[in-house]
Amino acid sequence: MLSLFDEMPGWQSLPLPGAELSLWRHWLDDAEADALLAGLRAAIPWEVHRIRIYGREVDSPRLSCWIGDPDATYVYSRTRFEPRPWQPALAVLRSRVEKACGSRFNSVLANLYRSGQDSMGWHSDDEPELGERPVIASLSLGAERRFRLKPRQAGTREDTRVITLGHGSLLRMAGDAQRLYVHDLPKTSAAVGPRINLTFRWIDPSRR
Ligand SMILES: [Mn+2]
């Protein structure tokens, strides 16, 4: 699906039927991305979130923090998260991401993948408070990792799309990306360093 973003410098459109997927590979230069990675790793109050898998509650294989405007509470994996306040560096980043993506965001889920053993399982960001066709902006800092998308309806292995998300890259997911597809961040046996991922969202608590 062609969108406005295909025409804008920096953005590269990644064709995926029904979804709007655009990647800006070097949205931040290395020096700025390095500084943010170190700064956010130290400043964000990282927690181990508990998630439910097949009815069992377990530690998620990564560290996380939910940050946002005071009313942007989020229910994920049947757990309610009250947002932590915006830190100055994150508030500035939010405005820049909003400008690049042409959307407003009132919250960000920060995830820290400490090594290649940390990961995220198949899911879609389809909580009701995100709305029908959410625009989600995903900023990657640190180790390059593989991000995969596949149709929600059982597809073949060939239907899996792999995107390498590098240091300073910005991925914009919109359209029916969440309704039609699931995504994950698989483990890797490669010796990779830490990666921080910031996914900016618009939460409308009245939709819950
Ligand atoms: Mn997600």
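A: Let us begin with a residue that can be located in the model, which is a predicted one. Trp24 has a relative accessible area of 22% and is therefore partly exposed.

Q: How is a pair of aromatic rings described?

A: The distance of the centres and the angle of the planes describe such a pair. This structure holds 3 aromatic pairs. In one of them, the ring centres of Trp11 and Trp24 are 5.4 Å apart and the planes stand at 70°, so the pair is edge-to-face; the cut-off for that class is over 60 degrees.

Q: Which parts of the chain does the pair of Trp11 and Trp24 link?

A: The pair links distant parts of the chain, 13 residues apart: Trp11 belongs to the segment before β1 (12–13), and Trp24 to strand β2 (residues 19–24).

Q: Is Trp11 buried or exposed?

A: Trp11 is buried, its relative accessible area being 7%.

Q: How are the rings of Phe105 and Phe200 arranged?

A: Their centres lie 6.2 Å apart with the planes at 50°, so this pair is tilted. Phe105 is found in the loop between α2 (88–101) and β8 (107–113), and Phe200 in strand β15 (residues 195–201), so the pair ties together parts 95 residues apart in sequence. Phe105 is buried, at a relative accessible area of 0%, and Phe200 counts as buried at 0% relative accessibility.

Q: Which charged ends sit over the rings of Trp27 and Trp122?

A: Over the ring of Trp27 sits the charged end of Arg96, 5.4 Å from the ring centre. For Trp122, the charged end is that of Lys150, 4.3 Å from the centre of the ring.

Technical notes:
Residues numbered from 1 in each chain as written. Predicted model: local features only at pLDDT ≥ 70, side-chain atom pairs only at ≥ 80, totals over all residues. Heavy atoms only, no water. Phe/Tyr/Trp six-rings, centres within 6.5 Å; stacked < 30°, edge-to-face > 60°. Helix = DSSP H or I, 4+ residues; strand = E, 2+ residues; numbered from the N terminus. Buried < 20%, exposed > 50% of the residue type's maximum accessible area, 1.4 Å probe, protein only. Lys NZ or Arg CZ within 6 Å of the ring centre and 35° of its normal.
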